[in-house]
Amino acid sequence: MDDLRRIERTADMNDTKISAKGVQVFYGETHAIKDVSVEIGDKTVTAFIGPSGCGKSTFLRCLNRMNDTIDICRVQGSITMDGQDIYDPRVDPVQLRAKVGMVFQKPNPFPKSIYDNVAYGPKIHGLARTKADLDGIVEASLRRAALWNEVKDRLESPGTGLSGGQQQRLCIARAVATAPEVLLMDEPCSALDPIATAQIEELIDELRQQFSVVIVTHSMQQAARVSQKTAFFHLGHLVEFNDTDQIFTNPQDTRTESYITGRIG
Amino acid sequence: MGAFLNFPVVLLVIILVSVAGYLLGSRRASAIDPRTMHSRPHQHGWHVVFAAAAPAVLFMMLWVFGAGIASNIYANAIIPDDLPDVQVTSQQRESLTERELEVREEVLRTQFVAGVRGLAVAIDGYIANGNATEAEVDGWSADSVQDRLRADGQVVGSAVTPGMLRVVQDMRQFNGRVATIGPVIALVLTFAGFLVALRLVSAEFRARIVVERWIVGFLIFASTMAILTTMAILAALTLPSINFFREYGFFNFLFGMAWAPAGDVVGIPEGRNGEYESVLGFVPLIWGTIYISVVALLVAVPLGLLAAVYLSEFASRRTRSWVKPALEILAGVPTIVYGIFALITIGPFLQAVVGATVMPNTVSVMTAGVVMGMMLVPFVSSLSDDVINAVPQAMRDGSLGLGATQAETVTKVILPAALPGIVGAVVLAASRAIGETMIVVLAAGALSNVQGIEPNPFGAVVTVTTRIVAVLTGEGSGFDSIDVLAVFALAFTLFFITLALNLLAQRMVAKYREQYD
C-alpha cells in the first residue's frame with residue numbers, strides 16, 4: 001500500500017505542470033530576471049530561495065501574470081502550463097489566475113466577513129449554484145486551511161479581526177476555494193510567529209496532494225522542511241534547480257553552497 | 001498726546017526695542033564664560049525680545065478687543081430710559097402685553113445701539129478726512145449732522161435724533177480716553193519687560209527653557225486662532241439671533257411657511273394698523289436650499305465617483321497626469337463664473353428642452369442644481385480619489401490574484417473598503433452645496449415673497465443664502481429692522497446645519513482611517 005502510494009507520487013512528480021524557458025523580465029530599464037528556465041512538477045512543492053532582490057518573487061508573479069498589473073514590466077521567453085503558453089494573447093489573465101491561486105507575503109483579507117472572504121472567488125467564478133453549494137465550498141476550504149474549527153462560530157465577523165496566522169490561513173482558504181491547479185505562495189510566513197508558521201507549513205504539505213505548490217521563502221529551513229524541489233536564485237539568475245535533498249546536502253554550484261552555509265545573502 | 005501715541009506707533013517702538021534687546025541681551029551674555037553658562041547668548045537675546053514684545057502685544061490685542069466691548073456697555077449704560085428713540089409709541093403700547101412690550105423695547109434698544117455705532121464710525125471717517133476736529137464735533141447739533149456726513153460720502157443708516165447724537169458724542173469721548181490709556185500701558189510693559197530681562201542675563205539663568213516655552217505658547221496660539229474665530233462668529237450671530245427668536249418666536253420662524261420681509265418692495269399687509277409686517281418663515285428657504293443641494297448631489301456624486309474610479313483604477317499614468325490636474329483646476333473656478341454659466345447657458349437650454357409651461361423662468365432648481373453639481377464634481381472626485389488610493393494595493397492584488405476582473409475588484413472590494421471615506425466626501429460636498437451662494441443668487445430665483453414650498457424642479461425657489469444676500473444688500477431695508485435680525489437667525493441656523501454635516505463627515509472619515517492604520 002505504502003509502496004503503491006510512493007510510486008504514484010513519483011509518477012506525479014514527473015508530470016510537469018508549468019514549464020518556463022528562457023524567461024527575461026524587465027522593470028523599465030532594470031533587467032530583473034535573466035534567462036530563467038525551470039520545470040515545476042504537478043503535486044509537488046517547489047521552493048524558490050535566494051537573497052533579497054534576487055528576483056524570486058518577480059519570477060513567481062510571472063507564473064500567474066500578476067506582473068501584468070505593473071505598467072513598466074515586460075516579460076519575454078515562454079511559460080507554458082499543461083503545454084499551453086500562458087502569455088499567448090488568446091489567454092485571458094483573469095482565467096489564468098483562477099487556475100493559479102496566490103497567497104501573498106502579508107495577510108490581506110478583504111474588509112469583509114470571514115464567510116465573504118472565502119466565498120469571494122467561488123461567487124465571481126460562478127462555482128456554486130445554490131447557497132448550500134457555497135456553504136459547502138466555504139466549509140471545505142476553511143477545513144482544508146485548518147481554520148474551520150477556530151472560526152466556524154463566527155463566520156460573519158470581519159476577516160480583518162483575526163490574528164495574523166489566522167488571517168494568512170484565511171487567505172489560503174480563499175485561494176483554495178476557487179479550486180486552482182497551482183498555488184503560488186510569496187513568503188507566506190514572513191509576517192507570522194513560529195507557531196503560526198508551523199501550522200502553515202503543515203498545511204502546505206497537505207495541499208501538495210491536490211495542487212502544485214510554488215513557495216518563495218527566505219528561510220532555508222522552511223524550504224528544506226516543506227519542498228521536494230528547490231530553485232536557488234541569485235542576482236536574477238537561476239543558479240541551481242534540483243531535488244531539495246540534493247541542494248542542501250550536495251550543491252553543485254559554489255554560489256549555492258555559499259548561500260546555504262550563510263556566506264552570501 | 002493722544003494723537004501721536006497710538007497702537008501702530010507703539011508697535012514700531014516695540015520692534016525697535018526688541019531689536020535693541022536682542023543685540024544687548026546676547027552681547028551681555030557673550031561676556032560670560034561660555035563653559036559656565038546654561039544657555040547660549042542668542043537664547044538670552046531672544047529671551048529679552050520675548051519679554052519686551054510678547055506681553056505688550058498680547059496686552060494690545062486684549063485691550064482693543066476689550067475696548068469694543070467696554071464702549072458697547074458704556075453706550076448702553078448712558079442711554080436714558082426715557083429717551084423717545086427706545087420707547088414703544090403709546091399708540092402701539094395699548095395693543096401689547098407686558099412681555100411683548102419688554103421684548104419690543106429690548107429690540108429697539110439693540111437697534112438704537114447699532115445706529116449709534118454706525119454714526120460713530122461715520123463721524124470717525126469724517127474727521128479722518130480732515131473735515132472737522134474733535135472739538136467741533138462735540139458742538140454739533142442733531143439736525144445738521146446727517147447732511148454734513150452724507151456730503152462727505154459717509155454712510156448714515158437711520159435718522160439722527162438729538163438723543164442719539166448725545167450718546168454718540170459721549171461714547172466717542174469715552175472711546176478716546178480708552179484709546180489714549182491703552183498705548184501708554186503697552187509702552188510701560190515693553191520697557192519693563194526689556195529691563196527685567198536684561199538684568200536676568202547671567203550664567204545660571206535658563207533662557208533657553210523660557211524661550212522654548214514662549215515658542216510653544218505661540219504654537220498653541222496659532223492653532224487655537226481658527227477655533228477662536230469660529231467661536232467669535234458664533235458669538236456674533238447668537239445674540240441677534242436670540243433677540244430675533246424672542247421678537248418673532250422661535251417656532252414661528254422655524255416652521256413658518258412664508259417668507260416676505262416688509263423691507264422688500266412687496267410685503268404683505270398684515271399689521272394691526274395697516275402697516276406692512278414682515279413674515280419670516282424658514283421652511284420655504286430651507287426647502288429651496290435642500291432641493292437644490294439634492295439635485296446638485298445627484299449630479300456630482302455619480303459623476304465624481306465614476307471619475308475617481310476611472311482615475312485611480314483604470315487610467316494610465318499619462319492620462320492621470322493631465323486629467324487629475326485639469327479636474328482640480330475646475331475646482332478653482334470662482335463660483336460666480338459657474339453662476340453666469342448657469343444663468344446664460346444652462347437655464348435657457350433647460351427651458352428650451354422642457355418648454356416654458358413647465359419652466360416659466362430660466363432660473364430654477366434644476367438650473368442652479370445642475371451647475372452646482374458640475375462645480376462639486378472635482379470636489380467629490382478629488383476626495384474619493386484620495387480614499388480609493390488609500391485602499392492598500394494588497395487588496396487589489398488579493399482580488400486579482402483570485403482571478404477577479406478589474407471591474408469586480410473595484411465594485412466588490414475597493415468601493416466597499418473605501419465606502420465610509422466616500423460617504424464622508426459626499427457629506428462634505430453636501431455641506432458645501434448648502435452653503436453655496438453665488439450660483440443660487442444668479443440661477444435659483446430671486447423672489448422676495450415666497451409662499452409655501454415649490455415642488456416643481458423647474459420652478460424658481462429661494463434659498464437661505466440668497467435671502468441673506470437680498471436682505472443685506474437690498475435697497476429697501478435699513479440695518480435696524482427685524483428683517484436684518486432674521487438674517488442673523490438664518491446665518492445661525494445655516495452655521496449649525498453645515499457644522500453638523502461637517503462633524504458627521506469627519507467622524508465617518510475617521511472611522512475609515514482606523515481600518516488601515
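## The antiparallel sheet of chain A

In this predicted model, strand β1 of chain A pairs with strand β4 (residues 73–81) of chain A in the antiparallel sense, over eight bridges. Within this pairing, A:Gln24 is placed opposite A:Gln76 of β4(A). Strand β1(A), which covers residues 16–27, also pairs with β2(A), again in the antiparallel sense and over eight bridges.

As a general principle, strands of a sheet pair through backbone hydrogen bonds, either parallel or antiparallel.

## A parallel pair in chain A

Which sense of pairing joins β6(A) and β7(A)? These two strands pair in the parallel sense, over four bridges, and β7(A) spans residues 182–186. At one position of this pair, A:Val103 stands opposite A:Met185 in β7(A).

Strand β6 of chain A (residues 100–103) is covered on both faces. A:Val100 and A:Met102 lie on one side, A:Gly101 and A:Val103 lie on the other, and all four are buried. In a regular strand the side chains alternate between the two faces of the sheet.

The domain assignment divides chain B into domain 1 (7–245) and domain 2 (293–461 + 501–516). The C-alpha centres of domain 1 and domain 2 of chain B are 44 Å apart.

Chain B also has an open sheet of three strands, in the order β4-β1-β5, with antiparallel pairing. The edge strands are β4 (279–280) and β5 (450–451) of chain B, each pairing on one side only. Strand β1 of chain B (residues 258–260) and β4(B) are joined in the antiparallel sense over two bridges. In that pairing, B:Ala260 stands opposite B:Val279 of β4(B).

## Nonpolar cores and an exposed alanine

The largest nonpolar core has 166 residues, and the members that touch the most others are B:Val371, B:Val380, B:Ala429 and B:Ile439. Beyond its neighbours within four places in sequence, B:Val371 is in contact with B:Tyr338, B:Phe341, B:Ala342, B:Ile346, B:Ile439 and B:Ala443. Another core, of 18 residues, lies apart from this one and includes B:Ala75, B:Val137, B:Val145 and B:Val167. In soluble globular proteins, nonpolar side chains tend to be buried together.

Why is B:Ala352 classed as exposed? B:Ala352 is exposed because 11 other C-beta atoms lie within 10 Å, and the class requires 12 or fewer. This residue is located in helix α12 (residues 335–354) of chain B. B:Ala352 and B:Thr362 are ten residues apart along the chain, and their C-alpha atoms are separated by 9.3 Å.

## The interface between the chains

The contact between the two chains involves 17 residues of chain B and 22 residues of chain A. On the side of chain B that touches chain A, the elements giving two or more residues are α14 (393–401) and α15 (406–435) of chain B. Helix α14(B) gives the most, with six residues. By class, this side of chain B has eight nonpolar, five polar and four charged residues.

## Confidence of the prediction

For the complex, the predictor gives an ipTM of 0.85 and a pTM of 0.74. Chain B has an average pLDDT of 85, and 93% of the residues score at least 70.

Where in chain B is confidence lowest, and where is it highest? Strand β2 (residues 268–269) of chain B is lowest, at a mean of 45, whereas helix α10 (residues 283–314) of chain B is highest, at 93. The pLDDT is below 50 over residues 265–272 of chain B. Beyond near neighbours in sequence, this stretch of chain B has 18 contacts in the model. Where pLDDT is low, the predicted coordinates should not be read in detail.

Definitions and conventions: Residues are numbered from 1 along each chain as its sequence is written. Chains are lettered from A and ligands numbered from 1 in the order in which they are written. This is a predicted model: local features need pLDDT of at least 70, side-chain atom pairs count only at pLDDT 80 or more; totals for chains, interfaces and linings use all residues. Domain bounds come from an automatic or database domain assignment. Two residues are in contact if their C-beta atoms, placed from the backbone, lie within 7 Å. Ala, Val, Leu, Ile, Met, Phe, Trp, Tyr, Cys and Pro count as nonpolar, Asp, Glu, Lys and Arg as charged, and the others, Gly among them, as polar. pLDDT is the predictor's confidence in each residue, from 0 to 100. A nonpolar core is a set of buried Ala, Val, Leu, Ile, Met, Phe, Trp, Tyr and Cys residues joined through C-beta atoms within 7 Å. A residue is buried if 20 or more other C-beta atoms lie within 10 Å of its own, exposed if 12 or fewer, and partly exposed in between; C-beta atoms are placed from the backbone. Two strands pair if DSSP finds at least two bridges between them.
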